[in-house]
Amino acid sequence: MSRIKTLFWYWGRKGGGARYAMEIARPLAQHPSLDLHLSVSRQSDFFDGYPSLPPDHLLPIDTYTNGVEALVRSLGLPLLRKRFGDFLHRHAIEVVYSPMSHLWNSAMLDLLDRPRRIPYLLTVHDARLHAGEGFLPHQWLLSHENRRADCFVVLSDHVKKNLVGQGFRPEMIRTIPHGIFDYQTPDAPAPAPRRLPDGRPVHLLFFGRILAYKGLDLLLEAFEALVHKNFPVVLTIAGSGSLQPYRHWLDRHPDRILIQNDWIAEEDIGGYFDRADILVTPYREASQSGVIPIALGKGVPIIATPVGGLAEQFADGQEGLLSRDTSAGALSGALTTLLNDPALYARLSEGALTRSRSHSWSGCADLVAGELVRLSGRKPVSGH
């Protein structure tokens, strides 16, 4: 039986979503049921990491790297529509998979219905944009794409619940948890269980874009409480975004807070987690977190607020601790519990590594491929 002609379609270029796309594309290219074709952005930070396919299976496109380029190249969307439609027709694509939305996707969706309807599987990372993300039409574009999808992959049951609340049928939605991002350098030893530091400060890490919903103010208030209790802690804040709202906390502890206020390059991400002892995600809302899988893979215990899909990404008391609520006092309490219990810290670190081994990208890809086979109406090819 012939393999299913599948288009993997992702035009994003940077960040956790772009890495997610590249990671899941590689095992999908090896799946015996799929004849994978790729349409990805040449500007992607991960362009060279995508699987090697026959040249005629590739539709690389030029997107943009800044606002001016986005405006100029958007004028070329009519030509891109022709190229995209010709590619679908020439290769007789049977099913399309997008591992994440992109602003230009909406301009192409009607081509999936000409001359026949091609089933569309979409991974939805967030059912709605968080506060401070995107721009005015962005949510409309995402909603438009969702309405065209025949089936969804979500990374948490929290997002599934939100999609159901928007009117989508539960049977359209498959929860497939996030795989583990491996930021080990090739010559580095495999991560080993960690111990709570003794004789040096404990390094807390806040990592990622600095937006209001991420709750950095809650963490800084909790951190200040730890300092007043004479805990030997330092905090690293690594990510882009305005720090002005937090300046009064930062200025009070310049010797205790390390700041890298910029977009963190891929090659530098692993080092932040290697140096961290505890990852803190003090979010006020969350679909799930792309940084928690990095911490799990590094054996770094996690302190998180009990919001959204965070509680689905690790087990409270096994790989990290959930605060009792979304407040600075609750975060301080969870951190205090962990800082006072070296045996608990060691168990959480070992548990994080154990959990990370069960979240392989090949396992995720198998589940995604199963959805693609189902949508195609074909039977799976034996051998997997």
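Trainee: Which residue of strand 10 stands opposite Leu205?

Mentor: Leu279 stands there. This is a predicted model, in which local features need pLDDT of at least 70 and side-chain atom pairs count only at pLDDT 80 or more, while totals for chains, interfaces and linings use all residues. Residues are numbered from 1 along each chain as its sequence is written, and side-chain values use heavy atoms, with hydrogens and water left out.

Trainee: What makes strand 7 and strand 10 a pair?

Mentor: Two strands pair if DSSP finds at least two bridges between them. Strand 7 and strand 10 (residues 278-281) have 2 bridges, in the parallel sense, so they meet that definition. The strands themselves are DSSP runs of E with at least two residues, the helices are runs of H or I with at least four, and both are numbered from the N terminus.

Trainee: How many bridges join strand 7 to strand 8?

Mentor: There are 6, and the two strands run parallel. One of the bridge partners is Thr236 in strand 8, which faces Leu205. Between strand 7 and strand 8 the chain passes through helix 6 (residues 216-228), in a right-handed β-α-β crossover.

Trainee: Why is that crossover called right-handed?

Mentor: Point the strands away from the viewer: the term applies if the path from the first strand over the helix to the second runs clockwise. The path from strand 7 through helix 6 to strand 8 is assigned that hand. The path from strand 1 through helix 1 to strand 2 is right-handed too.

Trainee: What is the strand order in the open sheet of 6 strands?

Mentor: The order is 2-1-3-4-5-6, with parallel pairing. Strand 2 (34-40) and strand 6 (173-175) are the edge strands, since each pairs on one side only. Neighbouring strands are turned by 20° against each other on average, direction ignored; axes are lines fitted to C-alpha atoms, for helices over the stretch in contact, and angles run from 0 to 180 degrees between N-to-C directions.

Trainee: Which bridges hold strand 1 in that order?

Mentor: Strand 1 (residues 4-10) has 3 bridges to strand 3 (residues 95-98), and 7 bridges to strand 2. Thr6 stands opposite Val95 in strand 3, and Lys5 has Asp35 of strand 2 as a bridge partner. Helix 1 (residues 15-29) lies across strands 1, 2, 3 and 4, at about 165° to strand 1.

Trainee: Why is Ile237 called buried?

Mentor: Buried means under 20% relative accessible area, exposed means over 50%, and partly exposed is in between (1.4 Å probe, protein chains only). Ile237 has 0%, so it is buried. Ile237 lies in strand 8. Leaving aside neighbours within four places in sequence, Ile237 is in contact (heavy atoms within 4.5 Å) with residues including Phe206, Ile210, Leu220 and Leu250.

Trainee: And Arg73: why is it called partly exposed?

Mentor: Its relative accessibility is 32%, so Arg73 falls in the partly exposed range. Arg73 is in helix 2 (residues 67-74). With neighbours within four places in sequence left aside, Arg73 is in contact with Gln43, Asp62, Thr63, Tyr64 and Trp104.

Trainee: Which residues of strand 2 are buried on each face?

Mentor: Leu34, Leu36, Leu38 and Val40 are buried on one side, and Asp35, His37 and Ser39 on the other.

Trainee: What makes a set of residues a nonpolar core?

Mentor: The members are buried Ala, Val, Leu, Ile, Met, Phe, Trp, Tyr and Cys residues joined through side-chain atoms within 4.5 Å. The largest such core has 60 residues, of which Phe8, Ile24, Leu28 and Phe273 touch the most other members. Apart from it lies another core, of 34 residues, among them Leu204, Ile210, Leu235 and Leu344.
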